[in-house]
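The following paragraphs lead through one protein structure, from its overall fold to individual residues. Please keep the sequence and the coordinates in view while reading.

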Amino acid sequence: MQYVIQIDKERWVFGSWKGHNITRRNLLQFNGKSLDANDIRHDEPGYRPLPKLCDCSDGEREYLMQSLEGQLHRGGKIVSQYEPFLADQKRHLM
């Protein structure tokens with residue numbers, strides 16, 4: 001999904017979410033992989049390409065949508081979509 005979500009600064013969120021790609025983290029979690037061993041921050045080698053939605057299973061997409069809906073339900077607001085994600089999605093279509 002790769003939306004940039006504004007979360008109220010008074011609301012608690014996992015510290016590990018700050019500066020991380022939550023879509024990637026959610027996919028790791030869904031697939032039972034270690035977040036600590038497999039998460040890649042935006043400034044680390046291997047960050048790109050970003051996950052492609054067309055490569056996700058129905059279950060993975062549902063998990064991602066539920067995560068997004070949970071953030072929005074708790075007052076989060078979509079402020080943009082992450083441009084490198086959009087570029088990687090388009091690259092797949094070429």
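This is a predicted model: local features need pLDDT of at least 70, side-chain atom pairs count only at pLDDT 80 or more; totals for chains, interfaces and linings use all residues.

Helices (H or I, at least four residues) and strands (E, at least two) are taken here as DSSP runs and are numbered from the N terminus. Residue numbers start from 1 along each chain as its sequence is written.

Read from the N terminus, the order of its elements is β-α-α-α-β-α. The radius of gyration of the protein chain is 13 Å, close to the 12 Å that the globule rule gives for 94 residues, so the chain is as compact as a globular protein of that length. The radius is taken over C-alpha atoms, and the globule rule is 2.2 Å times the number of residues to the power 0.38. Along its principal axes, the C-alpha trace of the protein chain spans about 40 × 30 × 25 Å.

Several totals describe the chain further. A contact means heavy atoms within 4.5 Å. Of the contacts in the protein chain with a separation of 6 or more, 70% are accounted for by residues 24 or more positions apart. A residue is called buried under 20% relative accessible area, exposed over 50% and partly exposed in between (1.4 Å probe, protein chains only). Buried residues make up 31% of the 94 residues in the protein chain. The protein chain exposes about 6400 Å², of which carbon and sulfur atoms supply 53%. Accessible areas come from the Shrake-Rupley method with a 1.4 Å probe, and for residues only the protein chains shown count as cover.

For the charges, Lys and Arg count as positive and Asp and Glu as negative, while His and the chain ends are not counted. Each charge is placed at NZ of Lys, CZ of Arg, CG of Asp or CD of Glu. The protein chain has 14 positive and 13 negative charges, and their mean positions are 3 Å apart.

Strand 1 covers residues 3-6 and includes Y3. Y3 is partly exposed, with a relative accessible area of 35%. Apart from its neighbours within four places in sequence, Y3 is in contact with L68, I78, S80 and Q81. Between Y3 and E62, which are 59 residues apart in sequence, the C-alpha to C-alpha distance is 16 Å.

Which residues of helix 1 are buried? They are T23, R24, R25, N26, L27 and L28. The buried residues of helix 1 pack against helix 2 (35-38) and helix 3 (58-73). N26, within helix 1 (residues 22-30), has a relative accessible area of 8% and is therefore buried. Its contacts, leaving aside neighbours within four places in sequence, are with Y63, L64 and S67. Just after helix 1, G32 takes a positive phi of about 70°.

Helix 3 also holds Q66. Q66 is partly exposed, with a relative accessible area of 46%. Q66 and K9 are 57 residues apart in sequence, and their C-alpha atoms are 22 Å apart in space. The loop between helix 3 and strand 2 (77-81) contains R74, which is partly exposed at a relative accessible area of 49%. The C-alpha atoms of R74 and L35 are separated by 24 Å, and the two residues are 39 apart along the chain.

The cysteines remain to be considered. A disulfide is a covalent bond between the sulfur atoms of two cysteines. Here a disulfide is assigned to a pair of cysteine sulfur atoms within 2.5 Å. By this rule the count comes to zero disulfides. C54 is in no disulfide, as the nearest cysteine sulfur, that of C56, is 8.1 Å away. C54 is partly exposed, with a relative accessible area of 47%, whereas C56 counts as buried at 8% relative accessibility.

Terms used. Side-chain values use heavy atoms; hydrogens and water are left out.
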